[in-house]
Amino acid sequence: MKGWSEDDPTFMREALSGAQAAAEAGEVPVGAVVVQDREVLGRGHNRTLADVDPTAHAEIVALREAARAIGNHRLNEATMYVTLEPCAMCVGALAEARLSRIVFGAYDEKAGACGSALDLADGGALLHVMEINGGLLEDECAAPLAAFFAARRSSGKPEKQS
């Protein structure tokens, strides 16, 4: 894990805008952006309910948009900024796309695959090694998630939703 770049907070705030869009749509509030050479190539937020697609996590939505934007499934020099530590599915997809770096905000002790619950990005489990930077704007990224799940608990709806 290396330090932050001066642009990292700016792009994480872009991802936070996606988390807000997800919350407004009734989705788990996670947002993501893919950036290369200081340019946003793809944006995404959770769309599993809207798309009726269990793979429509913010990271996957942003990854697909970025790949279409450059016309290539490989994003070798790109960074993923995401408000929540990616799950195993997303880390696998980011590795397949050959991203160089993942920057995430809130840690996910239950399902995070960048060191919390699992560590798939350490280079041992996958064929591609990515630099991982966690905890950027952690409180800002965790707050919408905490509010979302607190509201679900108080409404009596099931807590598990992705």
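This report walks through the sheet, the helices packed on it, and a handful of individual residues.

## Ground rules

This is a predicted model, where local features need pLDDT of at least 70, side-chain atom pairs count only at pLDDT 80 or more, and totals for chains, interfaces and linings use all residues. Residues are numbered from 1 along each chain as its sequence is written, and side-chain values use heavy atoms, with hydrogens and water left out.

Helices (H or I, at least four residues) and strands (E, at least two) are DSSP runs, numbered from the N terminus. Two strands count as paired if DSSP finds at least two bridges between them.

## The sheet

The order β2-β1-β3-β4-β5 describes an open sheet of 5 strands with mixed pairing. Its edges are β2 (39-45) and β5 (131-134), each of which pairs on one side only. On average, neighbouring strands are turned by 15° against each other, direction ignored; the axes behind that angle are lines fitted to C-alpha atoms, for helices over the stretch in contact, and angles run from 0 to 180 degrees between N-to-C directions. As background, strands of a sheet pair through backbone hydrogen bonds, either parallel or antiparallel.

Strand β4 (residues 101-106) has parallel partners in β5, over 4 bridges, and in β3, over 5 bridges. β4 is largely enclosed by the rest of the structure because 6 of its 6 residues are buried, where buried means under 20% relative accessible area, exposed means over 50%, and partly exposed is in between (1.4 Å probe, protein chains only).

β3, α4 and β4 make up a right-handed β-α-β unit. Right-handed here means that, with the strands pointing away from the viewer, the path from the first strand over the helix to the second runs clockwise.

## Helices on the sheet

Helix α1 (residues 8-24) lies across β1 (31-36), β2, β3 (79-84) and β4, at about 50° to β3. Helix α5 (residues 138-155) lies across β3 and β4, and runs at about 60° to β4.

Helix α3 (residues 58-70) has 13 residues and spans 19 Å from its first C-alpha to its last, close to the 18 Å expected at 1.5 Å a residue; that expected span is 1.5 Å times one less than the number of residues. Its buried residues are Ala58, Glu59, Ile60, Val61, Ala62, Leu63, Ala66 and Ala67. They pack against β1, β2, β3 and α4 (88-96), with contact meaning heavy atoms within 4.5 Å. Just after α3, glycine 71 takes a positive phi of about 70°.

Aspartate 8 sits in helix α1 and counts as buried, with 0% relative accessibility. What does its side chain do? A polar atom of the aspartate 8 side chain lies 2.8 Å from the backbone nitrogen of serine 5. Beyond its neighbours within four places in sequence, aspartate 8 is in contact with Tyr81, Arg101, Val103 and Leu136.

Phenylalanine 11 is in helix α1 too, and it is buried at a relative accessible area of 9%. Not counting residues up to four places away in sequence, phenylalanine 11 touches Val33, Val35, Arg38, Val40 and Tyr81.

Over in strand β2 there's leucine 41, buried with a relative accessible area of 11%. Setting aside neighbours within four places in sequence, leucine 41 contacts Val34, Gln36, Glu65, Ala66, Ala69, Ile70 and Leu75. Its C-alpha atom is 10 Å from that of methionine 80, 39 residues apart along the chain.

## Positive phi in the loops

Most residues other than glycine have a negative phi, and most peptide bonds are trans. Which way does phi of aspartate 37 go, positive or negative? It is positive, near 50°. Aspartate 37 is in the loop between β1 and β2 and is exposed, with a relative accessible area of 71%.

Valine 52 is another non-glycine residue with a positive phi, again near 50°.

Terms used. A polar contact is a pair of N or O atoms within 3.5 Å; within protein, one must be able to donate a hydrogen and the other to accept it, and residues adjacent in sequence count only if both atoms are side-chain atoms.
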